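Open the model in your viewer and keep the selection tool at hand. Each stop below says what to select and what is there.

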Amino acid sequence: MKFIIINGPNLNMLGQREPGIYGSESLEAVLQRLRDRYAPKGIQIDIFQSNHEGALIDRLQQAWREGCDGIVLNAGAYTHTSVALHDAIRAIAPIPVVEVHISNVHQREAFRHTSLISAACSGVICGFGTDSYRLGIEALAQMHES
Ligand code: DQA
């Protein structure tokens, strides 16, 4: 099984960026740990990060062409603004996309309470710190088992 974890803007700054909210571990460290954890279970995890909306859309479309089995998407701030990402997620159906957030966006500023992508996603996980990524992978694996 092949999953992809796609990360949007500023998530490359994980570890340095507002550590009180996002933690002190780098994105690479978090995601490498996940790859190591799931490889023995036959789950290959690819990783992508971009600060550019169009590049995220290109990667979603590429995932569809590659026959990817599922996507964990932390779209960062584009979550709250991007109709184009919503459309891209719908366009690559039936690939399941799980929306994840490190922070609990509902406990934060009002502008983070709206997600333009949730309705296009299979489900949403938020507020569990960087463990949200693992929960996203678990959700995808479970969807494929049942
Ligand atoms: C985030 C929450 C977003 O509101 C924010 O813009 C991010 C990160 C999270 O993982 O908690 O960049 O997606």
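Start with helix α2, residues 27–38. Its buried residues pack against β1 (2–7), β2 (44–49) and α5 (131–145). Here packing is contact, with heavy atoms within 4.5 Å. Helices (H or I, at least four residues) and strands (E, at least two) are DSSP runs, numbered from the N terminus.

This is a predicted model: local features need pLDDT of at least 70, side-chain atom pairs count only at pLDDT 80 or more, and totals for chains, interfaces and linings use all residues. Residues are numbered from 1 along each chain as its sequence is written, and side-chain values use heavy atoms, leaving out hydrogens and water.

Now select Leu 27, Val 30, Leu 31, Leu 34 and Tyr 38, the buried residues of α2. They sit on the same side of α2, because they cover an arc of only 85° around the axis. Buried means under 20% relative accessible area, exposed over 50%, and partly exposed in between (1.4 Å probe, protein chains only). The arc is that of the directions from the helix axis to the C-beta atoms. An α-helix has 3.6 residues a turn, so residues three or four places apart point the same way.

At 1.5 Å a residue, its twelve residues should span 16 Å, and the end C-alpha atoms are 17 Å apart, which agrees. The expected span is 1.5 Å times one less than the number of residues.

Next, select α3 (53–66). Its 14 residues should span 20 Å at 1.5 Å a residue; the end C-alpha atoms are 20 Å apart, which agrees. Which residues of α3 are buried? Leu 56, Ile 57, Arg 59, Leu 60 and Ala 63 are. Their arc around the axis is only 160°, which puts them on the same side of α3. Their cover includes β1, β2, β3 and α4. After α3 comes Gly 67, with a positive phi near 75°.

Move to α4, residues 83–91. Leu 85, His 86, Ala 88 and Ile 89 are its buried residues. Seen down the axis, they fall within an arc of 165°, so they line one face of α4. Val 83, Arg 90 and Ala 91 are exposed on the other side. Cover for the buried residues includes α3, β3 (70–74) and β4 (97–101).

Pick Gly 8, in the loop between β1 and α1 (19–22). Gly 8 is buried, with a relative accessible area of 0%. Beyond its neighbours within four places in sequence, Gly 8 is in contact with residues including Gln 49, Leu 56 and Asn 74.

A polar atom of its side chain lies 3.0 Å from the backbone nitrogen of Gly 76.

Finish at the ligand. Among the residues surrounding it are Arg 17, Tyr 22, Asn 74, Gly 76 and Ile 102; each has a heavy atom within 4 Å of it. Where do side-chain N or O atoms meet an oxygen atom of the ligand? Look at His 80, at 2.7 Å. Then try Ser 103, at 2.6 Å. Arg 112 is at 2.9 Å. Taken alone the ligand exposes 320 Å², and the protein buries 99% of that. These areas come from the Shrake-Rupley method with a 1.4 Å probe.

Technical notes
Polar contact = N/O pair within 3.5 Å; in protein donor to acceptor, adjacent residues only side chain to side chain.
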